[in-house]
Amino acid sequence: MTDHPVPTITLNDGTTIPQLGFGVFKVDPDETERIVTSAFEAGYRHIDTAAIYGNEEGVGRAIASSGIPRDELYITTKLWNDRQGTESAFAALDESLTKLGLDHVDLYLIHWPAPAGDKYVESWKALELLQKEGKTRSIGVSNFLRPHLDRLLDETDVVPAVDQIELHPALQSTDLTEFARSKGIQIEAWGPLGQGKYPLLEESAVTAAASAHDATPAQVVIAWHLAKGNIVFPKSSNAGRIAENLASVSVTLGADEIAAIDALESGNRVSGHPDEVN
Ligand code: NAD
């Protein structure tokens with residue numbers, strides 16, 4: 001376990017979230033309990049899952065067997081696109097809670113705006129009610145671009161606590177992150193390591209900082225996110241890398257090192273565009 005505490009960020013509803021957590025996208029459901037248990041043993045307390053990942057039950061079993069007090073854990077799950085709508089969103093969160101073995105999650109997100117169905121405003125109003133009922137402490141969105149956020153801000157009451165978006169050095173979405181933050185919406189960066197889909201960890205800006213700090217390239221990229229104020233939850237199924245990624249909290253990059261990684265922006269996504277995922 002790392003000696004450095006994981007920083008927390010205060011959300012616009014007054015709750016706090018650990019800035020570094022563990023994501024379980026593409027973690028095999030049969031392996032999830034074991035892998036999340038190793039993440040807890042390494043010291044993670046924040047887990048990011050989703051109904052569509054099919055592994056909420058494994059996360060739930062790891063929580064149950066961990067013995068970690070509920071209020072020391074931070075659990076996020078997400079509403080999948082085909083459950084958008086009022087009644088379906090209520091039912092979907094109940095199903096997720098049953099699978100997780102919890103009476104509430106800490107953060108519930110609309111996974112994608114899914115604009116073809118045009119139900120994200122209605123779904124958001126359902127999340128507002130679920131928050132009031134205590135089934136989730138915070139509510140937020142994922143993969144929302146400026147026009148999607150504008151509609152929520154114009155047509156609903158609660159400002160999302162977070163927007164979880166694809167964000168890594170090649171795709172920093174600076175205009176969107178600045179707008180969101182100006183409205184009090186924190187940024188969660190998914191795919192923080194670019195999902196391993198481009199040679200980010202071989203970039204000289206990354207490897208030079210890694211040598212200078214006696215750190216690994218992955219730790220440098222995670223430290224860059226932390227310095228930027230992003231909330232991150234890199235995924236790995238490997239116990240060594242799980243611990244390595246958490247230890248990124250002890251790496252403090254200099255302004256010149258951060259600027260060199262900023263310069264890796266290319267505007268290239270590694271996954272789907274929010275206007276096209278339905
Ligand atoms: P990531 O950027 O975290 O990349 C994961 C990959 O990076 C791993 O498969 C592994 O190959 C590699 N890796 C991890 N640690 C490493 C290390 N120390 N050294 C070298 N390589 C390493 O991608 P991700 O898993 O897609 O994103 C993180 C989390 O974000 C997910 O698990 C999930 O919780 C969330 N997510 C959300 C959405 C969304 O639509 N909201 C989409 C994708 C992911």
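The charged end of which residue sits over the ring of Phe179? In this predicted model, the charged end of Arg146 does so, 3.6 Å from the centre of that ring; a charge sits over a ring if NZ of Lys or CZ of Arg is within 6 Å of the ring centre and within 35 degrees of the ring normal. Residues are numbered from 1 along each chain as its sequence is written. As the model is predicted, local features need pLDDT of at least 70 and side-chain atom pairs count only at pLDDT 80 or more, while totals for chains, interfaces and linings use all residues; side-chain values use heavy atoms, without hydrogens and water.

Four aromatic pairs are present in the structure (rings of Phe, Tyr and Trp, the last by its six-membered ring, with centres within 6.5 Å; stacked under 30 degrees between planes, edge-to-face over 60, tilted for the rest). One of them joins Trp112 and Trp190 edge-to-face, at 6.4 Å centre to centre and 65° between the planes. Trp112 lies in the loop between strand S6 (105-110) and helix H4 (120-132), and Trp190, 78 residues apart from it, in strand S9 (residues 186-190) (helices, H or I of at least four residues, and strands, E of at least two, are DSSP runs numbered from the N terminus). Trp112 is buried at 8% relative accessibility, and Trp190 is buried at 12% (buried, under 20% relative accessible area; exposed, over 50%; partly exposed, in between; 1.4 Å probe, protein chains only).

The ring centres of Tyr120 and Phe144 are 5.2 Å apart with planes at 80°, so this pair is edge-to-face. Tyr120 belongs to helix H4 and Phe144 to the loop between strand S7 (136-142) and helix H5 (146-155), so the pair ties together parts 24 residues apart in sequence. Tyr120 is buried at 4%, as is Phe144 at 0%. The charged end of Arg151 sits over the ring of Tyr120, 5.3 Å from its centre.
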